[in-house]
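The sequence and model come before the comments.

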Amino acid sequence: MPETINTPSNMLQYDVQNLAEQAQALADSAARLADQTAMTVIQAHSGDVPFFVTGLTVFVLACFVGYHVVWRVTPALHSPLMGITNAISSVIIVGAILAAGLMQAGGFSMVLAFFAIILASVNIFGGFMITHRMLQMFKKKG
């Protein structure tokens, strides 16, 4: 007659099996979510909604979210936020350079890519100058 003994190895095996079942359920849920997202993207690109409306909606929402996020930043977090802004601007400048380099014909898109490169460069260098000046305030004088 086998006895069930609650040994640490039995408890560990039970915990591992429980964790594996939870991981499988999470993976199934993620797969369903990915399928739903794919269907939404397919429907959006089928022509039901014009791209201008979608782009304008994303732009307006990004403006509101960005404004509220930046408005609530405390002064103590200003320097780390500037560092992250510089990193984001560096990604923007790389994307603008790639966009400008991949364009075969000139025109309005090339002009926009050029202005994106210029504005991102100004943002990066200005952010580094402000960060440098702020760090100078913490150095001992003399």
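The numbered points below go from the overall fold to single residues.

1. Basis of the note. This is a predicted model, in which local features need pLDDT of at least 70 and side-chain atom pairs count only at pLDDT 80 or more, while totals for chains, interfaces and linings use all residues. Residues are numbered from 1 along each chain as its sequence is written, and side-chain values use heavy atoms, with hydrogens and water left out.

2. Overall fold. The protein has 4 helices and 0 strands, where helices (H or I, at least four residues) and strands (E, at least two) are DSSP runs numbered from the N terminus. The order of elements from the N terminus is α-α-α-α. Of the contacts between residues at least 6 apart in sequence, 66% join residues at least 24 apart; contact means heavy atoms within 4.5 Å.

3. Surface and burial. The accessible surface comes to about 12300 Å², and 73% of it belongs to carbon and sulfur atoms. Such areas come from the Shrake-Rupley method with a 1.4 Å probe, and for residues only the protein chains shown count as cover. Buried residues make up 8% of the 142 residues. Here buried means under 20% relative accessible area, exposed over 50%, and partly exposed in between (1.4 Å probe, protein chains only).

4. Nonpolar patch. Phe-52, Val-53, Leu-56, Phe-59, Val-60 and Phe-64 make a nonpolar surface patch of about 620 Å². Patch residues have over 30% relative accessible area and no salt bridge; like charges are joined within 9 Å, and nonpolar side chains (Val, Leu, Ile, Met, Phe, Trp, Tyr) within 5 Å. A salt bridge is a side-chain nitrogen of Lys or Arg within 4 Å of a carboxyl oxygen of Asp or Glu. Phe-59 is placed in helix α2 (residues 51-71), and Phe-59 counts as exposed because its relative accessible area is 53%.

5. Helix α4. This helix (residues 108-136) has 29 residues and reaches 42 Å from its first C-alpha to its last, close to the 42 Å expected at 1.5 Å a residue. The expected span is 1.5 Å times one less than the number of residues. Its buried residues are Ala-113, Ala-120, Ser-121, Ile-124, Gly-127 and Thr-131.

6. Ser-121. With a relative accessible area of 17%, Ser-121 is buried. A polar atom of the Ser-121 side chain lies 2.7 Å from the backbone oxygen of Ile-117.

7. Is Ser-89 buried or exposed? Ser-89, in helix α3 (residues 78-102), is buried, because its relative accessible area is 3%. Not counting residues up to four places away in sequence, Ser-89 touches Ala-120, Asn-123 and Ile-124. Ser-89 and Val-122 are 33 residues apart in sequence and 9.4 Å apart in space, C-alpha to C-alpha. Val-122 is found in helix α4 and, at 55% relative accessibility, counts as exposed.

Definitions and conventions. A polar contact is a pair of N or O atoms within 3.5 Å; within protein, one must be able to donate a hydrogen and the other to accept it, and residues adjacent in sequence count only if both atoms are side-chain atoms.
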